[in-house]
Amino acid sequence: MGELGARLAGVLRGGDLVVLTGPLGAGKTTMTRGLGAALGARGQVSSPTFVLARTHPTTAGPDLVHVDAYRLSDPVELDDLDLDWDAAIVVVEWGRGMVDGISDSVLDVEISRPTGAGEAPGATGPGDAPGTEDTDPDDVPDEPRRVVVTGTGPRWDGVAL
């Protein structure tokens, strides 16, 4: 997922809106970390679950704004964050249905992760994962993911993804 984020960094520019959809542990934050690393983002790119949004200046140009909309109840709360939608690359985890109307162009990334494809760190057997309560859900053994990337709107017309 980190490698995919790094590859996407090559096509993103200021004003782009990326919506990440997938279950807990699918790799949304890991993908954003890879994107941030490729852009030269300052600071640790980690899940902004409790702060809702983090802005990371980059060495590559536009800021990377990483948003976690999981705890938001409606799009108005997202709008209240007063994000720099026009100049930054904005990545919104759990953003489906929350960003409608913000931009006429969206890069939608849907991640599926089959359950049971691998064990959590510290697991001793199927269904037994002692000591994993405090681990990052994205910090699991390599597991297959199915990722569908769809660009909608004029920004993505003719862009090879």
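A residue counts as buried when its relative accessible area is under 20%, as exposed when over 50%, and as partly exposed in between. These legends describe close-up views of a predicted model.

**Figure 1. Overview of the protein chain, with three helices and six strands.** Read from the N terminus, the elements follow the order α-β-α-β-β-α-β-β-β. Of the 161 residues, 39% are buried. The chain exposes about 8,400 Å², and carbon and sulfur atoms supply 49% of that area. Among contacts between residues at least 6 apart in sequence, 66% join residues at least 24 apart.

**Figure 2. The largest nonpolar core, a set of 18 residues.** In soluble globular proteins, nonpolar side chains tend to be buried together. Within this core, L12, V18, L35, L64, V91 and V109 have the most contacts. Two or more core residues come from each of α1 (2–9), β1 (17–21), α2 (28–39), β4 (89–93) and β5 (106–112).

**Figure 3. Surroundings of V109, one of the residues with the most contacts inside the largest core.** Neighbours within four places in sequence are left aside in this view. The contacts of V109 are then L8, V18, V19, L20, T21, M31, V147, V148 and V149.

**Figure 4. Helix α1 and its buried face.** The buried residues of α1 include G5, L8 and A9. Seen down the helix axis, the buried residues of α1 fall within an arc of 110°, so they line one face of the helix. E3 and R7, on the other side of α1, are exposed. Packing of the buried residues of α1 is against α2 and β5.

**Figure 5. Helix α2, a mostly covered element.** Nine of the 12 residues of α2 are buried. These are K28, T29, T30, M31, T32, G34, L35, G36 and L39. The partners against which the buried residues of α2 pack are α1, β1, β3 (64–68), β4 and β5. At 1.5 Å a residue, the helix should span 16 Å; the C-alpha atoms at its ends are 17 Å apart, which agrees. Just after α2, G40 has a positive phi of about 75°.

**Figure 6. L39 in helix α2.** L39 has a relative accessible area of 6% and is therefore buried, the cut-off being under 20%. Apart from neighbours within four places in sequence, L39 is in contact with A9, T58, T59, A60, L64 and I89.

**Figure 7. The salt bridge between D16 and R155.** A search of the whole structure finds three salt bridges. In the D16–R155 pair, the closest N and O atoms are 2.8 Å apart. D16 lies in the loop between α1 and β1, and R155 in the segment after β6 (146–152), so the pair ties together parts that are 139 residues apart in sequence. D16 and R155 are both buried.

**Figure 8. The salt-bridge network of R96, D108 and E110.** The side chains of R96 and D108 form a salt bridge with an N to O distance of 2.8 Å. This pair links distant parts of the chain, with R96 in the loop between β4 and β5 and D108 in strand β5, 12 residues apart. A salt bridge also joins the side chains of R96 and E110, at 3.2 Å from N to O. Since E110 is in strand β5 and R96 in the loop between β4 and β5, this pair ties together parts that are 14 residues apart in sequence. Through shared partners, the salt bridges join R96, D108 and E110 into one network. D108, at 18% relative accessibility, counts as buried because the cut-off is under 20%. E110 counts as partly exposed, at 35% relative accessibility.

Definitions and conventions: Residues are numbered from 1 along each chain as its sequence is written. This is a predicted model: local features need pLDDT of at least 70, side-chain atom pairs count only at pLDDT 80 or more; totals for chains, interfaces and linings use all residues. Side-chain values use heavy atoms; hydrogens and water are left out. A nonpolar core is a set of buried Ala, Val, Leu, Ile, Met, Phe, Trp, Tyr and Cys residues joined through side-chain atoms within 4.5 Å. Buried means under 20% relative accessible area, exposed over 50%, partly exposed in between (1.4 Å probe, protein chains only). Helices (H or I, at least four residues) and strands (E, at least two) are DSSP runs, numbered from the N terminus. Contact means heavy atoms within 4.5 Å. The expected span of a helix is 1.5 Å times one less than its number of residues. A salt bridge is a side-chain nitrogen of Lys or Arg within 4 Å of a carboxyl oxygen of Asp or Glu. The arc is that of the directions from the helix axis to the C-beta atoms. Accessible areas come from the Shrake-Rupley method with a 1.4 Å probe; for residues, only the protein chains shown count as cover.
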